[in-house]
Amino acid sequence: MGNDVKLLHWDIGAVKVVRVEEHVIPVPSDELIPEMGKLIEKHSQWLKPWAVSEDDEILLSIHSFLVMSEDTKIIVDTCIGVSSQMPVPPAEDFPERLSEALGTSLENIDVVLCTHLHMDHVGWNMREINGESVPTFPNARYLFSKEEIEQSSSDSENYDPTVMEPSVQPIIDLGLADFVESDHEITSEVRLVPTPGHTPGHVSVLISSEGEQALITGDMTHSPIQFAEPALCSSFDWDTTMSTATRKAIIDRFVDSETLFLGTHFAPPTSGLLRSSETGVLFSISETEL
Ligand SMILES: [Zn+2]
């Protein structure tokens with residue numbers, strides 16, 4: 001590995017999932033989830049030290065999930081990249097980290113799925129080689145939810161040129177994009193689940209194989225505390241009423257089930273089960289293979 005980050009991986013039936021980390025950043029909770037600070041103590045027993053630091057900062061992970069299903073190699077979210085305005089150290093070797101985790105060239109990625117069109121989920125859609133901007137996954141179909149694309153277009157009030165111009169429009173112009181329904185089936189084992197609210201066309205990813213199941217959250221949640229307190233909203237949620245309703249519906253559907261949650265912004269161990277307890281729902285971290 002070009003870095004010291006250990007890979008987390010999971011087998012969901014016959015599907016293999018690997019987490020490839022770009023960054024883990026400590027973020028003051030009031031910057032990301034404004035109402036969270038006063039509720040940390042109530043949940044500190046299961047949140048600390050992996051999801052919230054001893055200084056009450058959110059440990060925000062930026063990572064991609066590689067999903068191998070049948071003969072299809074899928075990457076879910078492409079992190080920040082090197083050209084964004086986010087205050088993070090450059091991670092120029094991230095494509096090499098991905099390639100090493102995949103065990104083959106990124107030319108063999110079949111599908112890129114961006115859960116939504118924010119800069120920390122589309123950044124490596126394109127990369128620069130010899131001064132030229134080229135697709136990082138040249139042979140992949142890039143899937144975007146129809147709803148998300150429509151609501152992010154240049155005539156929409158949600159249009160963000162700092163995201164669309166470098167990382168999404170070139171993919172469309174090169175003919176590599178497919179606009180899909182929010183419940184699109186990628187393989188017989190991997191399908192999208194509409195989870196709107198953070199953005200209009202936000203999707204999560206449900207993996208079902210051989211009786212086992214996992215859900216990749218996307219930004220439906222930024223911290224596992226939001227499973228215990230679903231009314232806690234990110235400052236970046238587009239519609240907080242809708243994002244709260246989405247979290248409540250997902251909790252109702254999966255609490256006390258064996259569906260493993262893979263948090264798109266959760267620091268290691270990143271995965272857990274939703275369990276009801278005397279104090280409400282909690283996110284129970286699970287054994288993972290390191
Ligand atoms: Zn995000």
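## A pair of strands in the open sheet

Strand β11, residues 190–194, and strand β12, residues 203–209, pair in the antiparallel sense over 5 bridges. Within this pairing, Leu-192 has Val-205 of β12 as its bridge partner. The model described here is a predicted one.

Both strands belong to an open sheet of 7 strands, ordered β10-β11-β12-β13-β14-β15-β16, in which the pairing is mixed. Its edge strands are β10 (185–187) and β16 (280–285), each of which pairs on one side only. On average, neighbouring strands of this sheet are turned by 30 degrees against each other, direction ignored.

Strand β4 covers residues 72–76 and is mostly covered, with 4 of its 5 residues buried. The pairing of β3 with β4 is antiparallel and runs over 5 bridges. Here Ser-69 stands opposite Thr-72 in β4. β3 and β4 form a hairpin with 2 residues between the strands, and in this hairpin Glu-70 takes a positive phi near 50 degrees.

β4 also pairs with strand β5 (residues 111–113), in the parallel sense and over 3 bridges. The bridge partner of Val-76 in β5 is Leu-113. From β4 the chain crosses through α3 to β5, and this β-α-β crossover is right-handed.

## Helix α3

Which residues of helix α3 are buried? In this helix, which spans residues 94–102, they are Phe-94, Arg-97 and Leu-98. Seen down the axis of α3, these buried residues fall within an arc of 100 degrees, so they line one face of the helix.

The cover over the buried residues of α3 includes β2 (15–28) and β3 (57–69). After α3 comes Gly-103, which has a positive phi, near 80 degrees.

## The largest nonpolar core

The largest nonpolar core has 64 residues. β3 gives the most to this core, contributing 6 residues. The residues with the most contacts inside the core are Val-17, Val-67, Ile-74, Val-76, Val-112, Ala-214 and Leu-262. In soluble globular proteins, nonpolar side chains tend to be buried together.

What is Leu-262 in contact with, leaving aside its neighbours within four places in sequence? The residues are Val-17, Phe-65, Ala-214, Leu-215, Ile-216, Thr-217, Thr-270 and Ser-271. Val-17 and Ala-214, named among these contacts, are also among the residues with the most contacts inside the core.

## The hairpin of β6 and β7

Strand β6 (residues 126–129) and strand β7 (residues 132–135) run antiparallel and are joined by 4 bridges. Ile-129 has Glu-132 in β7 as its bridge partner. The two strands form a hairpin with 2 residues between them, and Asn-130 is in the turn.

Asn-130 is not a glycine, although its phi is positive, at about 50 degrees. Is Asn-130 buried or exposed? Asn-130 is exposed, with 5 other C-beta atoms within 10 Å; a residue counts as exposed if 12 or fewer lie within that distance.

## Backbone details in the loops

Most residues other than glycine have a negative phi, and most peptide bonds are trans. Asp-56 has a positive phi, near 65 degrees, and is a residue other than glycine. Asp-56 lies in the loop between α2 and β3. This residue is partly exposed, with 17 other C-beta atoms within 10 Å.

The loop between α2 (40–47) and β3 also holds Pro-49. The peptide bond from Lys-48 to Pro-49 is cis, and its omega is near 0 degrees. A cis peptide bond also joins Pro-268 and Pro-269, with omega about 10 degrees. Where does Pro-269 lie? Pro-269 is in the loop between β14 (260–262) and β15 (271–277). β14 and β15 are both strands of the open sheet.

Terms used:
Residues are numbered from 1 along each chain as its sequence is written. This is a predicted model: local features need pLDDT of at least 70, side-chain atom pairs count only at pLDDT 80 or more; totals for chains, interfaces and linings use all residues. Two strands pair if DSSP finds at least two bridges between them. Axes are lines fitted to C-alpha atoms, for helices over the stretch in contact, and angles run from 0 to 180 degrees between N-to-C directions. A residue is buried if 20 or more other C-beta atoms lie within 10 Å of its own, exposed if 12 or fewer, and partly exposed in between; C-beta atoms are placed from the backbone. The arc is that of the directions from the helix axis to the C-beta atoms. Two residues are in contact if their C-beta atoms, placed from the backbone, lie within 7 Å. A crossover is right-handed if, with the strands pointing away from the viewer, the path from the first strand over the helix to the second runs clockwise. A nonpolar core is a set of buried Ala, Val, Leu, Ile, Met, Phe, Trp, Tyr and Cys residues joined through C-beta atoms within 7 Å.
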